[in-house]
Amino acid sequence: MSGNDEESLSALMDGELTGASETRAIDALLGQAELGRRWARYHLIRAALRQELHGDPGASLHLAVRERLAREPAHHTRAASARPARRAVLRPVAGLALAASVAAVAILGLQGRDDDEPPAATELAASSPAESAAPAPTASLARATPAGVGPAGTQTTGEARPAAFDGGGLDRYLVRHNEYVSGGMRGILPYARIVGHEDAGGSR
Amino acid sequence: MPPALPTHPVLPPGKRFPLTRATAGCVLVVVLATGVGAEALAGSASEARRLLERMTSATRNLNYDGDFVYRRADSVETMAMRIIHRRGPDGERERLVALNGVPREVLRDGEKVTCYLPDDREVWQSRSEPRPLTHARAFEGNGGPGPSYALSTRRGTRVAGRQTDLVEVRPRDEYRYGYRLWVDRETGLLLKSELVDAAGKALEIIVYTRLQVLDEIPDRLLEPENSAEGYTWYRSGDKAAGADAQTGPAWQAWLPSGFEQRDYARDAMPKSQAVVEHLVFSDGLASVSVFIEERRGTGAEHLSGLERMGAVNAYGTTIDGVQVTVVGEVPAVTVEKIGKSLSRR
């Protein structure tokens, strides 16, 4: 009897084996008398430890194993992951906001002092996690009043779900709308929203 | 006309510097500005107007090739792009292409606008609209509550190695966005643009890192980089017959003061070909589109509530069983208020 068999037996004993491993171990058990005896002894020891000892543990091993097999739960495969209903346009707002805040700080450092801009000019309006408390999946973020006033009197801009140009529904409207944008003084620049994109890496 | 002034010594090679009255006037502004010392001089609104008009003209009429970076407040990414623009005998032609990642690009001429989306292996092509001019009423008002925006200008910092004038466009209320525009002193081209909210915080930033004004732009620079081989082409139909700015659906909506209906069309949307009514409202600078269409299928694909993409906000809702989608470079409160107020006459 090999060490592997002992280990398998031990693992089988402890219920650590599943699927093919378990089947193999049980086959080995059934095929080797010595293993069978060990199996009996293991159960005896365990039963003693649990103070379950009663009757003769030497009952037919085959019966015991068969019983065990019968008790074996249906073989589980990992639950098939749900097909994504649609390409995700919702983003984890809080996490993104935090990252954006960090990025804003980095940008500030890069740009340095710009003497023709008011103090907070270069700071991007990245909503803080506190401001973006409105949960992203909420369908309707009805606000009867004008844009709410966030901390320190700043206007919040984070009420709407952030989206990206990814071929989804909003994009078609954006392409048609772009043709009427901004008085034409910035030319084709509004299309930067379509051309610029966050490279998720990998195809969709 | 003022006498011709010497050209700027740091002209990029290969560029001819057209000496126009506007250019000379710009140099005059510089002289005035420096004449009052180091402190930045706040120019008059009319001076700002002139700079904006010059900027619009330069954007449409010059040949240029530049790189810029685009950044949104709600994104951690900085996106780099190249723009090529030509005004030639075949009219205005331009191309915008992403320099990072997948090379999305948009090509535009007098007839059509074509979006290449290599990540989806699709091409969207639709009718291009005549470029609107920024309407004077945006800045002058009509004797009513006043102009929608207040203008001012002062000296700007160096951008892309060039001297600039900074034009500030301040909205009069919370229903629209403002701009800070750094305009190249030599050519009048836009070198840096910040779209800002009412608190002055930037929602979108575009900064040029390189900009060359050229005598000529070869055709190949205006050809798409994407071969589009095997791509699916989606073409929108032409404007439905009989539709013009005057006729329109029997809809009414609340609009921020200064907004008027500017256009109306019945269109086939890109890709889906669904027929939609498309109203365009504008205050002379900002535009808001209202799309009205039949709801399709379960309606799951229709926008419901608020969504935003950088400075563009959208609001979707159902009214009388039809889908209404409001899209604009305006704050979320604006598209939402317009959408909720929409009703049939």
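How many of the 345 residues of chain B count as buried? The share is 57%, where buried means under 20% relative accessible area, exposed over 50% and partly exposed in between (1.4 Å probe, protein chains only). Here are my notes on the rest.

1. Ground rules. This is a predicted model, in which local features need pLDDT of at least 70, side-chain atom pairs count only at pLDDT 80 or more, and totals for chains, interfaces and linings use all residues. Residues are numbered from 1 along each chain as its sequence is written, chains are lettered from A and ligands numbered from 1 in the order in which they are written, and side-chain values use heavy atoms, with hydrogens and water left out.

2. The two chains. Chain A has seven helices and one strand, in the sequence pattern α-α-α-α-α-β-α-α, while chain B has four helices and 20 strands. Helices (H or I, at least four residues) and strands (E, at least two) are DSSP runs, numbered from the N terminus. In chain A, 40% of the 204 residues count as buried. Contact means heavy atoms within 4.5 Å. Among contacts with a separation of 6 or more, residues 24 or more positions apart account for 56% in chain A and for 50% in chain B.

3. Do have a look at the open, mixed sheet of seven strands, ordered β1(A)-β17(B)-β18(B)-β19(B)-β16(B)-β15(B)-β14(B). Two strands pair if DSSP finds at least two bridges between them. At the edges stand β1 (161-162) of chain A and β14 (260-268) of chain B, each with a single partner strand, so one side of each is left without a neighbour in the sheet. Eight bridges link β14(B) in the antiparallel sense to β15 (residues 275-282) of chain B, and B:Ala265 has B:His278 as its bridge partner there. Helix α4 (residues 332-341) of chain B packs on the sheet, touching β16 (287-294), β17 (305-309), β18 (312-319) and β19 (322-328) of chain B, and its direction makes about 20° with that of β18(B). For that angle, axes are lines fitted to C-alpha atoms, for helices over the stretch in contact, and angles run from 0 to 180 degrees between N-to-C directions.

4. Strand β5 (residues 112-117) of chain B is mostly covered, with five of its six residues buried. With β4 (residues 105-108) of chain B it pairs antiparallel over four bridges, B:Val106 having B:Cys115 as its partner; three residues lie between these two strands of the hairpin. On to β6 (residues 122-127) of chain B: six bridges join this strand to β5(B), again antiparallel, and B:Lys112 stands opposite B:Arg127. Four residues separate β5(B) and β6(B) in their hairpin.

5. Two residues to check. B:Arg121, in the loop between β5 and β6 of chain B, has a positive phi of about 55° although it is not a glycine. At 45% relative accessibility, B:Arg121 counts as partly exposed. B:Asp320, in the loop between β18 and β19 of chain B, also is not a glycine and has a positive phi of about 55°; at 58% relative accessibility, B:Asp320 counts as exposed.
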